[in-house]
Number of protein chains: 2
Amino acid sequence: MSVTLKEVAALAGVSRSAVSRTFTEGASVSPKTRSKVEKAAAELGYSPNALASSLTTGRTKLIGLISNNFHNPIFLEVFDQFTRALQERGLRPLIVNLTDETEPTNSVRMLRQYSVDAAIVASSTLPPSFAKAFHDAGVPVVHTFGRSATSPEVHVVGIDNVECGRMAARELSSRGYRRIGYLGGPKDATSAMDRYRGFMEEVEKHPELEVTHCFAGAYSFEAGREEMLQQLAEGPAEGYFCGDDILSIGALSALSDHGLKPGKDIGIIGLNDMEMSRWESVDLTTIHQPIKQIITASVDLVEEMLKDPERYPEARIFPCRVIERGTLRPRP
Amino acid sequence: MSVTLKEVAALAGVSRSAVSRTFTEGASVSPKTRSKVEKAAAELGYSPNALASSLTTGRTKLIGLISNNFHNPIFLEVFDQFTRALQERGLRPLIVNLTDETEPTNSVRMLRQYSVDAAIVASSTLPPSFAKAFHDAGVPVVHTFGRSATSPEVHVVGIDNVECGRMAARELSSRGYRRIGYLGGPKDATSAMDRYRGFMEEVEKHPELEVTHCFAGAYSFEAGREEMLQQLAEGPAEGYFCGDDILSIGALSALSDHGLKPGKDIGIIGLNDMEMSRWESVDLTTIHQPIKQIITASVDLVEEMLKDPERYPEARIFPCRVIERGTLRPRP
DNA sequence: CACAGCCTTGCAACCGATTGCAAACCCAAC
DNA sequence: GTTGGGTTTGCAATCGGTTGCAAGGCTGTG
């Protein structure tokens with residue numbers, strides 16, 4: 001079927017080693033044989049089998065990319081960035097879609113079978129233990145959007161979710177909202193809990209605030225919408241921190257059902273600043289998460305782990321900031 | 001580093017072949033040795049190296065998944081479905097993000113280096129020649145969302161875009177729109193051209209119709225919005241067929257800028273029926289494309305090609321239908 | 001012209017598996 | 001106790017590469 005080293009060697013009239021060496025960076029080949037080999041290779045349309053060579057080199061350049069967020073539009077941006085960043089560095093993304101699985105066993109086994117050089121867990125919902133399982137199985141791993149910690153067990157890149165919770169509460173309070181609410185992601189998502197904690201922490205400092213909270217079933221439009229409908233039925237707060245832009249957009253849809261104007265009748269602040277939030281019809285005030293930098297940093301870390309697998313685990317936490325648009329009332 | 005066949009064999013006190021055979025379906029091993037091997041394997045945490053075995057079996061179970069649509073939210077649904085469907089059958093998606101590349105050379109070479117068993121080109125914009133390049137390089141390929149043809153050069157799964165164009169024109173005309181427009185995707189996208197052709201074909205049959213057309217720079221919100229703003233500036237038609245839901249949503253945003261109500265002041269019909277189109281705030285009348293079936297059929301074809309690589313190229317074209325929501329005026 | 005020293009080259013072992021083949025084994029029937 | 005059948009097993013070659021090592025080639029110097 002496909003052309004092999006041996007055939008090229010035969011055609012070029014050199015040994016297999018010679019061929020191998022012309023295709024490996026920094027190996028010693030004379031210009032003469034190199035050109036002979038290149039000519040033969042071109043003639044046969046040869047390109048080296050990456051998997052065969054991985055056997056001896058121990059490097060596949062395959063990177064497992066594991067996620068469970070295939071319903072949040074922000075993840076299209078995330079995948080775009082990740083695949084680009086990996087490709088630019090000659091790495092190949094092997095995707096694992098977790099669907100409903102929250103146990104790492106299967107993905108770990110599978111990625112080990114394919115000898116990935118490293119794995120990236122891209123999820124704000126999975127616990128640190130999930131990523132740790134890869135580390136324990138000898139697969140270098142970085143947990144992107146993972147729970148931040150001062151001394152993490154594996155590399156973590158993302159934001160300080162607790163701080164984002166505080167930031168949202170401060171923002172609501174500073175705009176004069178008194179009865180405020182947290183509409184978070186699923187209760188078992190680390191990001192939902194961390195944002196909740198920060199939100200509540202800040203609320204404690206302001207005795208004048210009244211607070212409610214609820215958790216959506218997923219980070220999805222439908223879940224956000226449903227939860228907000230519920231709130232409206234029970235008597236809503238004046239301003240909400242929705243734990244994600246997609247939840248916010250669902251919530252906005254619920255408001256519009258009831259003829260309520262966001263920013264006027266009820267305040268909404270989201271988190272992520274995804275492309276859609278900028279759409280005029282959405283115009284969502286939100287906490288910007290620097291996705292691009294987070295992803296670049298994640299891939300940087302992957303590369304560094306490839307050089308030094310024993311690298312001490314590190315957390316790279318990026319600051320967030322409020323992007324003011326139209327869904328919160330103006331500051332007094 | 002990782003445990004190998006040899007070590008398991010040593011611990012179990014059997015030959016390497018025995019170990020190999022206990023891990024391959026349908027090989028002949030006695031229950032006794034099998035259990036010895038399984039015990040040893042469990043003890044060492046062994047799992048076979050898929051890449052090493054691919055060397056001899058010639059099968060990697062890797063499937064290249066190539067796309068250039070990382071800005072259309074529908075593709076999150078597409079990736080979700082594809083990765084699930086592949087995983088369910090024990091196949092592993094290796095992603096290629098084409099960014100701005102329209103030449104297949106690089107992706108073909110890369111996927112050959114990784115010995116993928118097959119490739120899926122998931123794009124409604126790339127020409128048949130793109131997919132053909134994989135076929136010519138000996139990589140079995142199916143072109144999902146590709147241009148349909150009665151005798152395609154490679155497997156094609158998708159819809160009849162020309163017919164969709166006709167359908168849209170019929171739909172507009174049947175609702176009494178007289179001055180109608182086509183707002184298509186990029187001029188170099190096969191789907192944009194095919195839909196255009198069908199649209200025009202149908203228009204020809206109705207002498208009472210007046211028609212305009214334009215092509216957006218990309219299948220994206222921004223591009224759709226911009227193109228519609230342009231139309232509004234130049235004096236718009238009464239009803240538009242936007243060649244994709246995301247273009248429609250961009251167009252809707254432009255309408256709202258001008259205080260125009262879709263379905264009342266101007267009609268819009270999209271194509272895809274993506275999740276977002278069902279949102280109450282969008283409520284887009286659109287032509288439903290059966291994504292899930294298309295993807296299942298694509299992966300079916302991949303599997304069949306794995307069995308019989310010489311399989312004669314086939315087109316699987318799925319019917320579409322109009323989903324009535326709120327952006328077209330009611331039928332008279 | 002001889003020789004030292006570096007560059008280039010091929011040999012052969014190896015990476016982690018699979019598999020055709022023949023030997024060894026088991027069990028049953030005669 | 002043989003013989004015959006089918007199973008199970010291990011040997012060794014193979015898949016497509018890489019790489020340490022030693023031999024061979026080249027250069028330049030004395």
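Which side chains meet in a salt bridge at 3.4 Å, N to O? The first legend answers this. The model is predicted, with local features needing pLDDT of at least 70 and side-chain atom pairs counting only at pLDDT 80 or more, while totals for chains, interfaces and linings use all residues. Residues are numbered from 1 along each chain as its sequence is written, chains are lettered from A in the order in which they are written, and side-chain values use heavy atoms, with hydrogens and water left out.

**View 1. Salt bridge between B:Glu280 and A:Arg225.** The two side chains lie 3.4 Å apart, N to O. A salt bridge is a side-chain nitrogen of Lys or Arg within 4 Å of a carboxyl oxygen of Asp or Glu. Chain A and chain B have two salt bridges between them.

**View 2. Contact of chain A with chain B.** Each side is counted by contact (heavy atoms within 4.5 Å): 48 residues come from chain A and 48 residues from chain B. The buried area (accessible area, 1.4 Å probe, that two parts lose on being put together, summed over both) is about 4,400 Å², 61% of it on carbon and sulfur atoms.

**View 3. Domains of chain A.** By an automatic or database domain assignment, chain A is divided into domain 1 (5-48), domain 2 (62-159 + 291-318) and domain 3 (161-289). The C-alpha centres of domain 1 of chain A and domain 3 of chain A are 62 Å apart.
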